[in-house]
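User: I'm new to reading protein models, and I'd like to go through this one with you. Could you take my questions one at a time?

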Amino acid sequence: VGCLGGCQIRAAVLARKMTAAEADPGLKDLITALEGLQATDAWGSGKERAAVLLENAEAARATKQTDRVLDYCTEAVALSVGCLGEQRQRLLQALDGTQERVMELMDSGEAMEGALDVLVTEAQIRQLSAEARMDKGQVREAEGDLEAAEEISEKLSDEVETARCLRSKGMLCLMRKDVKKAEDLLRRSIDMCKAAEEAKEEAAALKLLIKLHRQSEGMFDHVCGLFHELLEAHQKGEDTHAVSMTLLQLGKFRLEKHLADTGKGIELEFADLEMTDMDLGGALEYLAQRNSEGSG
């Protein structure tokens, strides 16, 4: 029975591979076209060069060499788009934004798998380019990069990269002082990261929301709630140092509020002071332990 079941499963997988193209003549033509591209020297060299340029751009971004980032990204985008040529748009149309469709296409052969990989690289390059353009205040150009990156990421059902695009679009809205839209985009990014269990990207979006609201009147409780979400994200990511630094920032935020209230003659609640003490105490305990280990 076990053997029969295994044979049936293998037969079903094989049938899926065969029928995906057979049921869709357009897809069959696309696969044939991609196989033709894969057979050229330009395909392999362009694909590899774009991947190298992406790594170079990430390294330049880490050292704040913005102009170099843009140079790398411009060349890498041209190579990625050039690899697929007119098949790029056909490939995007063949995707429907579901993981099932991505897996189905990947099963179609090596050429299709390689083409999807080119799209992934392009999305990452355009996202990086957008971030660099925002650093230079090139808002319109950054918006164009993000639109392209988001379209690809959504088509590939890549929740993490889509969330990153939403976060960057939220930053663009902040640059334009559109606070409401920025908050909506950042919250969508956070929710998407939670669903994908991507703690690092979730934390990055939460930090922007905290920065947005921490000086706003009447938002004290809301900002404290955001800090607690940030703590949970760091805990999920098992980042002890980030947890402690967040506790320190939260304690400082609470203390500033209490001092301001005292200056206005507002009587403080013991529970509020106790929470502040716990936040600061937890952070200081970690720092003391870290210093002790460093000196030892």
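User: Where does T66 sit?

Analyst: T66 is placed in helix α4, residues 66-84, where a helix is a DSSP run of H or I with at least four residues, numbered from the N terminus. This is a predicted model, so local features need pLDDT of at least 70 and side-chain atom pairs count only at pLDDT 80 or more, while totals for chains, interfaces and linings use all residues. Residues are numbered from 1 along each chain as its sequence is written, and side-chain values use heavy atoms, with hydrogens and water left out.

User: Is T66 buried or exposed?

Analyst: T66 is buried, with a relative accessible area of 18%, since buried means under 20%, exposed over 50% and partly exposed in between, using a 1.4 Å probe and protein chains only.

User: And what does T66 touch?

Analyst: Leaving aside neighbours within four places in sequence, T66 is in contact (heavy atoms within 4.5 Å) with A132, D135 and K136.

User: New topic: how do the axes of α12 and α13 cross?

Analyst: The axes of α12 (residues 220-236) and α13 (residues 240-263) come within 9 Å and cross at roughly 170°. The axes are lines fitted to C-alpha atoms over the stretch in contact, and angles run from 0 to 180 degrees between N-to-C directions. The two helices are therefore roughly antiparallel to each other, a term for angles over 145 degrees.

User: Which residues make that contact?

Analyst: Among them are F220, V223 and F227 of α12, together with L250, F253 and K257 of α13. By class, the contact of α12 with α13 has 11 nonpolar, five polar and two charged residues. Here Ala, Val, Leu, Ile, Met, Phe, Trp, Tyr, Cys and Pro count as nonpolar, Asp, Glu, Lys and Arg as charged, and the others, Gly among them, as polar.

User: What about the largest pocket, what is its volume?

Analyst: Its volume is about 320 Å³, and of the 15 residues lining this pocket, R214, S216, F220, F253 and K257 are the closest to its centre. On a 1 Å grid over the protein atoms alone, a pocket is an open set of points where a 1.4 Å probe fits, with protein on both sides within 12 Å along at least five of seven lines, and lining residues have an atom within 4 Å of a point.

User: Which helix gives the most to that lining?

Analyst: That is α13, with five residues, and the lining as a whole has five nonpolar, four polar and six charged residues.

How values were computed:
Angles under 35 degrees count as roughly parallel, over 145 as roughly antiparallel, 65 to 115 as roughly perpendicular and the rest as oblique. Grid points are joined across faces, edges and corners, and a volume is the space filled by probe spheres set on the points.
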